[in-house]
Amino acid sequence: MATKDQSEFKYLVANDRDRLWGITVTSVGFQRIDADEAYPPADHPAGYYFNVTAGRVLDEYQLIYVVDGEGVFESDGKTYALAPGAMFLIFPGCWHTYRPNRKTGWGVYWIGFRGKVVDERVAGGFFSGRSPVYNVGISTLAIDVYRGAMQAAGQEGPYYQQMLSGAVSLLMGGALNLNSGRKSPNDETCDKIARAKVIMRDNLSENISAQEVARRLHVSYSWFRTAFKRHAGMAPAQYILELKLFRAMELLSDPAMTVKEVSYALDFNSSRYFSSFFRKRTGYSPQEYRCRLRGSEATDDPLD
């Protein structure tokens with residue numbers, strides 16, 4: 001997946017055996033809508049395109065998570081304002097519409113699904129169309145689950161539908177858990193730190209600075225650095241380097257990328273500087289690390 005999230009979606013197919021599992025996933029994706037951009041955009045998934053004024057009715061559930069920007073959701077005669085950290089559930093057979101605020105745009109993850117297990121959860125009173133919005137805050141766990149689901153959907157490996165059903169259960173459980181637990185006066189600070197982590201992760205290829213992150217959060221850098229260190233246990237600049245290290249490890253597992261391409265993807269000044277940084281942090285050069293993953297002998301690696 002690109003370092004900075006852009007719109008991406010996957011349509012999925014389930015067979016009769018998959019349906020015996022109790023939950024099947026129909027689609028998963030992420031959508032970025034910029035301020036003043038038309039909605040739905042031209043590349044909106046064709047099977048889910050709709051007129052925001054007329055609304056629509058689906059034959060599946062969808063769990064949509066707003067991680068950036070603001071918007072509005074309408075269903076069952078009610079209108080809900082959506083801010084970063086809002087997660088809302090669409091029910092099959094229920095009219096609804098939603099849209100981003102034109103001044104802010106938004107970034108949203110979604111996953112579509114159906115199955116008797118979900119129907120039983122609704123029948124059991126765990127979820128209701130009368131209260132379809134959950135204030136979960138910016139949860140790095142939830143974002144990781146959505147991203148993991150997108151990755152699994154792209155690979156379509158053996159039993160991938162069963163894996164994705166676990167993502168649905170984790171997200172639904174998280175919606176209930178996080179929504180019920182948000183009562184602390186420190187929630188706003190925690191949300192800002194969580195949003196900062198998302199901004200850092202989504203902009204690794206742009207070499208984003210801690211000062212720029214603070215600016216995007218509309219807080220002073222001194223406040224941000226102190227609050228971030230208190231919550232994360234390290235300074236924001238150090239956290240960015242940690243993200244780059246783990247992202248580099250992920251990219252090095254792809255044999256199609258050269259060391260130089262990895263260094264450029266993470267916006268290091270040069271492949272030699274990247275190699276020096278990687279060796280200092282891991283004890284191995286990028287090529288040695290890659291060979292260890294493959295179980296092969298290290299060879300000389302031209303940094304280009």
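The model is predicted, so to speak of local features a pLDDT of at least 70 is needed, side-chain atom pairs count only at pLDDT 80 or more, and totals for chains, interfaces and linings use all residues. Residues are numbered from 1 along each chain as its sequence is written, and side-chain values use heavy atoms, with hydrogens and water left out.

We may begin with charge. Side chains of opposite charge can pair when their charged atoms come close. Twelve salt bridges are present in the structure, each being a side-chain nitrogen of Lys or Arg within 4 Å of a carboxyl oxygen of Asp or Glu. One of them joins aspartate 202 to arginine 147, with 2.3 Å between the closest N and O atoms. Aspartate 202 belongs to helix H5 (residues 187-202) and arginine 147 to helix H3 (residues 140-155), so this pair ties together parts 55 residues apart in sequence. Helices (H or I, at least four residues) and strands (E, at least two) are DSSP runs, numbered from the N terminus. Aspartate 202 counts as buried, at 6% relative accessibility, and arginine 147 is buried too, at 12%; here buried means under 20% relative accessible area, exposed over 50%, and partly exposed in between (1.4 Å probe, protein chains only).

A second pair sits within a single helix. Arginine 247 and glutamate 250 both lie in helix H8 (residues 236-252), three residues apart, or about one turn of the helix, and their closest N and O atoms are 2.9 Å apart. Arginine 247 is buried at 13% relative accessibility, whereas glutamate 250 is partly exposed at 41%. In the salt bridge of glutamate 288 with arginine 279, the corresponding distance is 3.6 Å. Asp59, Glu60 and Arg114, in turn, are linked in a network of salt bridges.

Leaving aside neighbours within four places in sequence, leucine 63 is in contact (heavy atoms within 4.5 Å) with residues including Met87, Trp110, Tyr146 and Leu171.
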